[in-house]
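I opened the notebook to go through one chain from its overall build down to single residues. My notes are kept in the order I looked things up.

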Amino acid sequence: MRRAVCSGSFDPVTNGHIDIFERASTMFDEIIICVFHNVNKQAFFPVEERVRFLHEATAHIENVRVDSFSGLITDYMKAHEAHVIVRGVRSIKDLEYEQNEAYMIRHLEPDIDTVFLLTRPEYSFVSSSGIRELIRFHGDVHGLVPPCVEQAIQILGQERE
């Protein structure tokens, strides 16, 4: 089985992420979307909620499984018999960062490869950090995030008023 992992904090998941998952799902038998708990970041949405968003936003992709994990991605991948990481790349800056990550992963586990998918131009400006900033300043996220995330953001806005 060709199994790949798409890992990240997905705080929150964006339509750019969903596009990468959809495209990767045609290349592999199974895609595991893994929400990693990053202890160095203050999360906007709890891990459990991000997992729920991903379940809902990827329900239309038959060969996707959603999970969460805290630790080294190489340990997770060995435990799940996955040998490919799929990463979306929006810019040269992303590529430089992801390339270094891929080299570190390759150093730790030589059997793991990283596949980079270029973000579609219509999502090249969309990032989770940008979405979080829009949320903080009550900006419009319509069309940038899946409907379940947009709805959660609207509820957050109502609770803060």
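The entries below go from the whole chain to its strands and then to a few side chains.

**Entry 1: the whole chain**

I noted before anything else that this is a predicted model. I then went through the secondary structure and found 6 helices and 5 strands. Reading along the sequence, I wrote down the pattern β-α-β-α-β-α-β-α-β-α-α.

Next I looked up the dimensions. The C-alpha trace spans about 50 × 30 × 30 Å along its principal axes. Does the radius of gyration agree or disagree with that of a compact globule? For 161 residues, such a globule would have a radius near 15 Å. The chain has 16 Å, so the value agrees. I also looked up burial: 47% of the 161 residues count as buried.

**Entry 2: strand E1**

I turned to strand E1, residues 3–8. How many of its 6 residues are buried? I found 6 of 6, so I put E1 down as mostly covered, taking under 20% relative accessible area as buried. I checked the two faces separately. On one side Arg-3, Val-5 and Ser-7 are buried.

I then looked for the partners of E1. Strand E2, residues 30–36, is joined to E1 by 6 bridges, and the two run parallel. One pair I noted is Arg-3 with its bridge partner Glu-30 in E2. Helix H1, residues 15–25, belongs with them: E1, H1 and E2 make a right-handed β-α-β unit.

**Entry 3: strand E4**

E1 also pairs with E4, in parallel, through 2 bridges. There I found Val-5 opposite Ile-85.

I followed E4 to strand E5, residues 113–118. Those two strands pair in the parallel sense over 6 bridges. Val-86 stands opposite Val-115 in E5. From E4 the chain crosses through helix H4, residues 92–108, to E5. I logged this β-α-β crossover as right-handed.

**Entry 4: a nonpolar patch**

Which residues make the nonpolar patch of about 290 Å²? I found Leu-72, Met-104 and Leu-108. Leu-72 is in the loop between strand E3 (64–69) and helix H3 (73–79). Is Leu-72 buried or partly exposed? Its relative accessible area is 46%. That lies between the 20% and 50% cut-offs, so I put Leu-72 down as partly exposed.

**Entry 5: Gln-154**

Last, I looked up Gln-154. It lies in helix H6, residues 147–160. Its relative accessible area is 46%, so Gln-154 counts as partly exposed. I also looked up its separation from Gly-143, which is 11 residues apart from Gln-154 along the chain. The C-alpha atoms of these two residues are separated by 14 Å.

Note on methods: Residues numbered from 1 in each chain as written. Predicted model: local features only at pLDDT ≥ 70, side-chain atom pairs only at ≥ 80, totals over all residues. Heavy atoms only, no water. Pairing = 2+ DSSP bridges. Helix = DSSP H or I, 4+ residues; strand = E, 2+ residues; numbered from the N terminus. Right-handed = clockwise from strand over helix to strand, strands pointing away. Patch = residues over 30% accessible without salt bridge, like charges linked within 9 Å, V, L, I, M, F, W, Y side chains within 5 Å. Areas by Shrake-Rupley, 256 points an atom, 1.4 Å probe, with all protein chains shown as cover. Salt bridge = Lys/Arg side-chain N within 4 Å of Asp/Glu carboxyl O. Buried < 20%, exposed > 50% of the residue type's maximum accessible area, 1.4 Å probe, protein only. Rg over C-alpha atoms; globule rule 2.2 N^0.38 Å.
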